[in-house]
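Subject: Handover of a structure

Dear colleague,

Please find the structure below, together with its sequence.

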Amino acid sequence: MSEPRVRRAEIALEQTYVDRVYARLGELRASAEQMRSKGYEIGHGAQQEAVFEQASMLFERDMMVFHANQTLHTLDAEYEGLVFGRLDHTTPDEPIYVGRLGIRDADFNNVVTDWRAPAAAPFYQATAQEPLDVIRRRVIRCSGAEVLDVDDDVLMASAVPDGMVIVGEGALMAALGRAKGDRMRDIVATIQKEQDEVIRAPWRGVTEITGGPGTGKTAVALHRAAYLLYRHRKQLGGAGMLVVGPSGVFTNYISRVLPAMGETDVELRALGEVLDGYTAEHADPAPVAAIKGSLRMRKVLLRAIRDTPPDVPTRLRMVYRGEVLTLERDALERVRKRVLTSGGPPNRIRVRAAEALLAALADVAEQAARDDDTAFSPAQRAELITDLGERMEFHRFLVVWWPVLYADEVLTWLGDPARLARAARKTLTADEVTLLSTSFEDRSRGFSVADIALLDELRVLVGKPRRRRRAPENAEPERAEHGGRHRPEHYDEYSHIVVDESQDLSPMQWRMVGRRGKYASWTVVGDPVQSSWPDTAEAEAAAVEAFGARTTRRRFTLRTNYRNSAEIFDLAARVVADTAEPGELPHAVRRTGADPEVRDVDVAELKTAVAGAAEELLRSVEGTVGVISAMERVPHVEKWVSTLADERLKVVGSLDSKGLEYDAVVLVEPSELIAESTTGARLLYVALTRATQRLVVLASDRDWLAG
């Protein structure tokens, strides 16, 4: 029988089994809908019952409806490509079918094994050297409930029984060659052995995943999140899981991976969204971001909250029994300094400030009595303090003299160069003060991503006010519902935190994320070669503090680049050849025969060249085309390609391109990417490794190209 006929026969064979699976899926869905309907009926009946029975019936109703809705959501989320693998073992048992969801038939016999279950582990772990009793591993590629293709790996050739048909030659490369959409897909059908070891690593402590571009770090981390929730739901599920990514573009890109694996109680936030109530999308210029991210800023912020707030009154004048008691500016400042020196967040020590003011007024009265040679007994002092402390005028003064401090207001105050210079004395240079004050003063674009970590630090330093106020203009509504659960503002009890592109987190950002994981285990993803943070030692110290100094850390390194063609990665590797350590760059395993193109373009012709290259690549690939430029050039590039009305075309800045991938990329002016980074060519290296099939570089010079 010819190979095509054999393949069609095997596809038909697997289609019969997949039909059985989807028939069972339909039965489970009908059962869940019936349960939901019954729950609503119970709720209706509760209205007819006595009051003391209503609560019990309504609780039963809520639980039935909740579980039914959860089941329906899971079944719907896993519908696409539910079955993707089959294992044939040396034992005469029935083959094991592997899928996104565990399914049993009406007699509780296993129909599909969840990919996270121990029985499914050989699908990812078995090799020809260690076959784990697996003769044949079959990848089943489906669209919905339709089987499109099958592909086999033979792991024990000597044990292949008569009649076992072998089809295909490698599902992974076929999967890698398919066009990409604008969202990341899950890789449950193509996880490799080195990736599976990371996914199934122990949940406690810190699991670090390092590796170069295209090694699947992000996908592995997300699959690890799904696996941990499946295997350790009791320990991890209730408190919730947080995934932190570098940008909103990135979190949108990965947003469908975990739901596609049935996990919806995972919260995704970009670094500019970690602080409740704020969303920041724009990045500061690299020199400014480097200052804001440094741990030196904590000392600056601490001094800032101890400075006298703007526009506070400079005199307190009260009349007591005909005597005018006055505290002038200097006296008021001495009181403020004394109260702040005693310790505690300013918003928590207002009562202490009131007591200190009253004591200072009593001192004035006592001194006046001494000047008049009259007595001023302790009882008189106590009476004065009680009397003045009960007056409305005193409380009105206190409210404006010791105002409630809000993080965003304090940060905005630092736009005043003189105020910032006082806070930054002996900590920042004069040039750094100028850069920062200009940034803080300009609120035209709202807060930057780096500002969010400073706001979070200030939130803790000033303390929680006793009353709420109107939210700032750029704040979002409070997010209390996360993954279907109600969680308080500034929730800090996540059970597990995943940090992607960790090499770019500043020390201040590590402090911010660390506050959310006081009791968490961690999965940390990064690549030192792609780092955009200049002081790696300071960032590492902050990370250690976030994890907890005694936390167990284990590291896995992924060394195979599945994303880029070897031709594209060879070019990318050239730009970091002088900075990468031996062994830090991954090995690209796939060749396409299409070399990247470096086109010399005159600056005056750049607009036409970008539009032309983008149009050309849209015609040559089926999937997405990314146009990557320096961050400040993005608005211009968007206009240049605006006439190409194709939803597959994406324009993205260099920083926002991290973690993304496209079938083809147009890279605009690589020297500009080097210039905007504090770590030289590393940002350019990131941008060059976003393409899977085609890469066109448009450059007005060749200074960026090393080697």
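Met 297, Arg 298, Leu 301, Leu 302 and Ile 305 in helix α11 are in contact with Leu 454, Glu 457, Leu 458, Leu 461 and Val 462 in helix α19, where contact means heavy atoms within 4.5 Å. By class, this contact of α11 with α19 has eight nonpolar, no polar and two charged residues (Ala, Val, Leu, Ile, Met, Phe, Trp, Tyr, Cys and Pro count as nonpolar, Asp, Glu, Lys and Arg as charged, and the others, Gly among them, as polar).

Please note that this is a predicted model, in which local features need pLDDT of at least 70 and side-chain atom pairs count only at pLDDT 80 or more, while totals for chains, interfaces and linings use all residues. Residues are numbered from 1 along each chain as its sequence is written, and side-chain values use heavy atoms, with hydrogens and water left out.

Helix α11 covers residues 296-306 and helix α19 residues 449-462; helices (H or I, at least four residues) and strands (E, at least two) are DSSP runs, numbered from the N terminus. The axes of α11 and α19 come within 10 Å and cross at roughly 45 degrees. Axes are lines fitted to C-alpha atoms, for helices over the stretch in contact, and angles run from 0 to 180 degrees between N-to-C directions. α11 is therefore oblique to α19 (under 35 degrees counts as roughly parallel, over 145 as roughly antiparallel, 65 to 115 as roughly perpendicular and the rest as oblique).

Helix α22 (residues 566-575) is mostly covered, with eight of its 10 residues buried; buried means under 20% relative accessible area, exposed over 50%, and partly exposed in between (1.4 Å probe, protein chains only). Among the buried residues of α22 are Ile 568, Phe 569 and Leu 571. The elements that the buried residues of α22 pack against include β17 (560-565) and α26 (682-688).

The whole structure holds 10 aromatic pairs. Rings of Phe, Tyr and Trp (its six-membered ring) pair if their centres lie within 6.5 Å; planes under 30 degrees apart count as stacked, over 60 as edge-to-face and the rest as tilted. Tyr 491 and Tyr 494 are edge-to-face because their planes lie at 85 degrees, with the ring centres 4.8 Å apart. Tyr 494 is buried, at 2% relative accessibility. Trp 510 and Phe 547 are also an edge-to-face pair, 5.5 Å centre to centre with 80 degrees between the planes.

Yours sincerely
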